[in-house]
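Biologist: I would like to learn how to read the features of a model like this one. Could we take them one at a time?

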Amino acid sequence: MRVYKLTFLLALVIFSLPVSAQSSSGSNMLSTSIIVVGIVLVIGLIVSLADNLMQIEAKKNNLDISKGQFTLFPSLSKWFGAKKPASIKDAPYHNLTKGFDVKIAGKASKEIAMGNAKTFAILPPNFNGMSPIPKVEVNVGDEVAAGDVLFYDKKREGINYVAPVSGEVIAVNRGAKRSIASVVILADKVIKHKQFATPDLSSVTRDDLIAFLKISGGLTLLNQRPFDVIPDDDVVPANIFVSTFDTAPLAPDYSFIAEDNAVAFQEGINVLNLLTDGKVYVGLDGRPGKVVSDTFKNVTNAEVHYFNGKHPAGNVGIQIHHIAPITTTSKVWTIGVQELISLGKLFLTGKYDAERTVAITGTSCANPKYVKTYVGANIGELIAGNVEGDNNRIISGDPLSGSKKSSEGFMDYRDDQVTIIEEGDEYELFGWLLPVSPRPSMSGTFPNALFSNFEFEPTTNTHGERRAFVMTGQYEKTLPMDIYPQHLMKAILTGDIEKMEGLGINELTEEDIAICEFVCTSKQPLQAILRDGLDMMQEQS
Amino acid sequence: MGLLDFIKKIEPDKKKSPFLHTLYDGFFTFAYAPNEVTKGGVHVKDGMDLKRTMITVVIAMQLCYVFGTYNIGHQHFNALGMYPGFLEGFNLKLAHGLIKLLPLFIVANVVGLGIEFWFAAKKGHGIEEGFLVSGALIPLIMPPDLPLWILAVAVAFAVIIGKEAFGGTGMNIWNVALLARVFVFFAYPTTMAGDQVWVSGFEEVAAGAAPYYGWAHNLFDSLFSWGGLDTFKAASSSVIVDGFTGATPLALAYQGGWEAVTDVYSTQAMWWGTIPGSIGETSKPFILIGVLILLLTRIASWRIMLSMFIGASLMALILNAWDATPFMSVPWYYQFWMGSFFFAMAFMATDPVTAASTNTGKWIYGFLIGFVGMIVRVLNPAYPEGWMLAILFMNTFAPLMDHYIIQSNITKRLKRA
C-alpha cells in the first residue's frame, strides 16, 4: 500500500514538472518549478496526513482497515484487479495475482474404478519430527482390524497410528540404523473395522474429545503448522483451516471426490469446531469456470473464503497467510478433504474408515482415472497394467512436492495422487538453447505464453545444472505471500534463526515453495533447504 | 548417437588433469544439455537455466555488435572526409571495424574465461556462465583503440578482484564489466577520456593527421584489390579534414550546450548512433531492440529500467529548471540523445546479481542510478558520462536497500505476534 502511495506522489511530481516548464519562461523556471513541487508536496502531505488520521480513527473503532476501505488513496487493485464473480455472494474473495500453473498432460478422467491394491503400509518417515524408531505394537503374522494401533511415537505416547485396513501384518521393514521404514498389512477382502465408542458431540469436553482422537487415530489425520507435524495434544490451535481444492499439476478434483460425502464432511467440520477456540476456515475454489461441489458450498459452522489464482493458490499454507497468518507464537491445524471425511465418518459410525479416492495421473499413465482404495496403498498394485513405457518415475503425490517411489513402494500417508512421468536421463544436443521438445516454463524465452492451454509432456530432466543464486524476483513472482523466499533461503543456508523466523519460515512448508523450486533458474533444491530450516527451528523450540 | 559416444570417449580424467576436465566439462555441457534427473524436491523442472538466461542477454546485444563494428570504420573514414554516406565504402568500414573489434573481443574473453576456468578447476565446480555476458559487454564499452594489454589487465582485475575474490558468479558486489571499464578509466585515463580516443586508426585526432594501417589492413587490401573493391591503400594518403572533431556530444554539450552539439551532429545521427563513442553504446534504436528482447523474455527487470528512466528524467528536469550552465539548459529529453544512457539501462543496471534483489529495492536502485548518473554527467567536468560511476555506486548500496526492506518485512511480521 505504501509503495502505491509513493509512486502516486512521484507520478504527480513528475507530471507537474513539464507543465510548469512549459508555462513559465526561461529565467524564472527554477522558482516556478520549486513552487509547483512545493505545492504538490504540501498537498500530498495533507492528504497523506488525513489518510493516516482516518485509519487511526478506524482502528480506534475496531474496524478492519486492511481491506482498503479507509484510505484516501485509490487502491490500484480496485482499478485493475479481477472482479469478484457474481456467484460468490458475500463470502470473502481473495484474488491472488502471483503463481504459476504447470500444465501437464495426463489428467485423471472423471471415472472411479475399484483399486487393485492388496497390501497397505503406514510409513513412519512420513511423519515429520517423529523419532526414527517408533514403538511397534504388532508383530509379523498378527491379525489387525482397521483402527487397531500399529505403532506410536515414543516421544509422544498415547497418540496412536492405526491400521488403515484389516488383515495380516506381513512385514515390519527397517531402514538405516534400524529405523522403522514401514509396517505392511495384507488386506482382507472385506475390511473389518474396530468399533469405537464415539463421544456425543453436543456434550463432550475438549479434553475427552482429544483423548478419543488420540486413541482412534483421528489426531493423525490432522496436521499442525508450523513444521507440518502431527498435532500436539496439549495445543489449542488458533484456527483450523481446510482447503477444498488443489491447484498442483494433475491434482485430484475434490469437488468430484467429495460429491457424495456431504454429511461426513459437515460432521468433520463440527468436530473441528470443538477443537479450536478460533474459527474453522474453509478455502473454496474461486477460479472462473470451476465447479464447486455443494458439499463445500453449503457447509455450515465454518467461514468460507474463495480463492482465485494460479498454483499455489489452492495450498492451505497460502490460504492461511491470506485469512489469518500464523504468528511467531501461534499454532494452527489443517486437514485435507479426504482426511476430514474420514474424521466425520469416525464420529458418524464409530469406525476408522481410511478409504481414499486416488487420482492416477501422468503422461506415462495409459488410462488416467480415479481409483478407490485406502491410505498407504501399494503403488505397484494400484497402477498395474496402467503404465506406458518402462523408463518412468513413479511419484506419490503431485510432480512438484510428491516423493519418488519404486513400484514396490507404498503411497505416503496424506497423498491422494499418483503421478507417472517419463525419466529424462538423456543428453540433448544444444538442449539449453534449442530444445527439441516443448517443456513447461515460466520464462519468456520459450513461446509458451502463446499456447496457454497446451498440456506439456515433461520429463524429470533438470534442464540445467545447479548454480549459485543469480536471478532475483522469480520466487517472489510465484509465491503469493508477503515473504521474500530468496532471502529466507539465504538465511537458512547461513543458519540465522532469528532472521528465518522474521522472514516467515513458520508460515511455509515444502509444498508451498515447490513452485519456486520449479521455476528456479539456478536449480536450487529449495524444498530440501526449507526442511533443513524447519528442522533447525523445531530443535530451537 | 555416434557423436556423443566419441565426445564421451575423449573425456579427460578428473583426478589426473582437473583443469582439462573442467574445460572439457564446460564445453561438453555447452554442446549437450546434461542427462541429470531431479532427485528429491520437484520432479519436473522449468526449461530455463543460467546458460539460456545469459545467452539471451548476449543475443539481445548482437545488433549493438554489428552496428558498433561498422561504426568504428565509419568514424574512421568520416574523419578523413571519405565515404560520407553511411553505406559508402562498406567493405573498408567493416574491415576496419573488425580489425579493431575482434582483438578486443578475443583478448577480453580469453583472459576472462581463462581465469574463470582456472578458478572453476581449482574449486572443483562446473564453469559458471556469468562471464558469457561480461565478456560480451566489455568490448562494447571500450574505446576502439584501447591497447590490448591494458584491456587484459583490466579484465583480469575485474574477474579476480571483482568476482572470484567474492566467490564467483552470483556473489559479486559490483558489475564485472563496469569494473573493467572503471579500472581503465582511473588507471589509464588517457586511453579512455578526452576527444582523442573515440575515433580509431590515428595517432592524434587533429586536422592534418594521417591514418596508420597495419598488416591486417594489408591482408584485407589484397583481398579487396582481387575483388575489385576500394582498398585501404587509397585511403592511406588522406589526412583528417579541417574542422573535424573527435569530441563526443557530451563533451560538446559541456562546452556550449545543445547548440554546440547540433552544430556538429544532427539529432538524427545521434539517435541512429553514427557518432564517436564507446563501441556498442551509440545506436539508440538497436539498444532499444535489445531492451525489447530483454523485457519480452522478462530476463531484465522492467522496474529498474523504468525507475532509472524516471530518475534521470527528473534530475534532467531539475537541472533544466536550475539552468546555470549551458549543459544544464539542454532540454531534458535531449539528454537521452547523447551518451550511453540506454546501454547502461539495458545491460548494466539490470544485472540481477549486483542490483537490489527486492522489488521495492529495484525501484529505489534504478531511480537513484538515473538521478545520480545525471548529476555526474552534467555537473562534474572530470567525468564526461555518469552511468558507470552511478551504477557502481548504487551496486555498493543495493545490499543496504535490501537490508532495510527485508528488515521492515521482519518487523511487520514480528509485530503481528
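**Reading strands, helices and contacts**

Modeller: Start where two chains meet: strand S20 (residues 428-429) of chain A and S1(B) run antiparallel and are joined by 2 bridges. Keep in mind that this is a predicted model.

Biologist: Which residue stands opposite Ala33(B) in S1(B)?

Modeller: That residue is Glu428(A). In general, strands of a sheet pair through backbone hydrogen bonds, either parallel or antiparallel.

Biologist: How many residues of chain B are in contact with chain A?

Modeller: On chain B there are 56, and they are in contact with 69 residues of chain A. Among the elements that give two or more residues to this side of chain B are strand S1 (32-33), helix H14 (302-322) and helix H17 (387-416) of chain B. Sorted by class, the chain B side has 24 nonpolar, 21 polar and 11 charged residues.

Biologist: Now a sheet within one chain. What is the order of the strands in the open sheet that contains S2 of chain A?

Modeller: The order of its 6 strands is S2-S16-S15-S19-S17-S18, with mixed pairing. Strand S2 (109-114) and strand S18 (403-405) of chain A each have a single partner strand, so they stand at the edges with one side left without a neighbour in the sheet. From one strand to the next, the twist averages 30°.

Biologist: In which sense do S15 and S19 of chain A pair?

Modeller: Strand S15 (residues 355-361) and strand S19 (residues 417-422) of chain A pair in the parallel sense, over 3 bridges. Within S19(A), Thr419(A) is the residue opposite Thr361(A).

Biologist: What is the strand order in the open sheet that contains S10 of chain A?

Modeller: This sheet also has mixed pairing, and its 6 strands follow the order S1-S13-S12-S11-S14-S10. Its edge strands, S1 (93-95) and S10 (223-225) of chain A, each pair on one side only. S10(A) runs antiparallel to strand S14 (residues 332-334) of chain A, and 3 bridges join them. One bridge pairs Arg225(A) with Val332(A) in S14(A). Helix H8 (residues 316-323) of chain A packs on the sheet, and its direction makes about 130° with that of S11(A).

Biologist: Which residues are buried in helix H4 of chain A?

Modeller: In H4 (residues 206-216), Ile210(A), Leu213(A) and Ser216(A) are buried. They lie on the same side of H4(A), because they cover an arc of only 140° around the axis. The buried residues of H4(A) pack against helix H9 (337-349) of chain A. After H4(A) comes Gly217(A), with a positive phi near 85°.

Biologist: Is Thr248(B) buried or exposed?

Modeller: Count the C-beta atoms around a residue: 20 or more others within 10 Å make it buried. Thr248(B) has 27, so it is buried. Thr248(B) sits in the loop between helix H10 (232-236) and helix H11 (249-264) of chain B. Beyond its neighbours within four places in sequence, its contacts include Trp198(B), Ile275(B) and Pro384(B). An unreviewed UniProt entry places the feature "modified residue: FMN phosphoryl threonine" at Thr248(B).

Biologist: Where is Asn301(A) found?

Modeller: Asn301(A) is in the loop between helix H7 (294-297) and strand S13 (303-308) of chain A. Asn301(A) is partly exposed, with 13 other C-beta atoms within 10 Å. Leaving aside neighbours within four places in sequence, Asn301(A) is in contact with Ile269(A), Asn270(A), Asn273(A) and Val280(A).

Definitions and conventions. Residues are numbered from 1 along each chain as its sequence is written. Chains are lettered from A and ligands numbered from 1 in the order in which they are written. This is a predicted model: local features need pLDDT of at least 70, side-chain atom pairs count only at pLDDT 80 or more; totals for chains, interfaces and linings use all residues. Two strands pair if DSSP finds at least two bridges between them. Helices (H or I, at least four residues) and strands (E, at least two) are DSSP runs, numbered from the N terminus. Axes are lines fitted to C-alpha atoms, for helices over the stretch in contact, and angles run from 0 to 180 degrees between N-to-C directions. UniProt positions are given in the numbering used here, feature names are shortened, and annotations may be inferred rather than shown by experiment. A residue is buried if 20 or more other C-beta atoms lie within 10 Å of its own, exposed if 12 or fewer, and partly exposed in between; C-beta atoms are placed from the backbone. Two residues are in contact if their C-beta atoms, placed from the backbone, lie within 7 Å. Ala, Val, Leu, Ile, Met, Phe, Trp, Tyr, Cys and Pro count as nonpolar, Asp, Glu, Lys and Arg as charged, and the others, Gly among them, as polar. The arc is that of the directions from the helix axis to the C-beta atoms.
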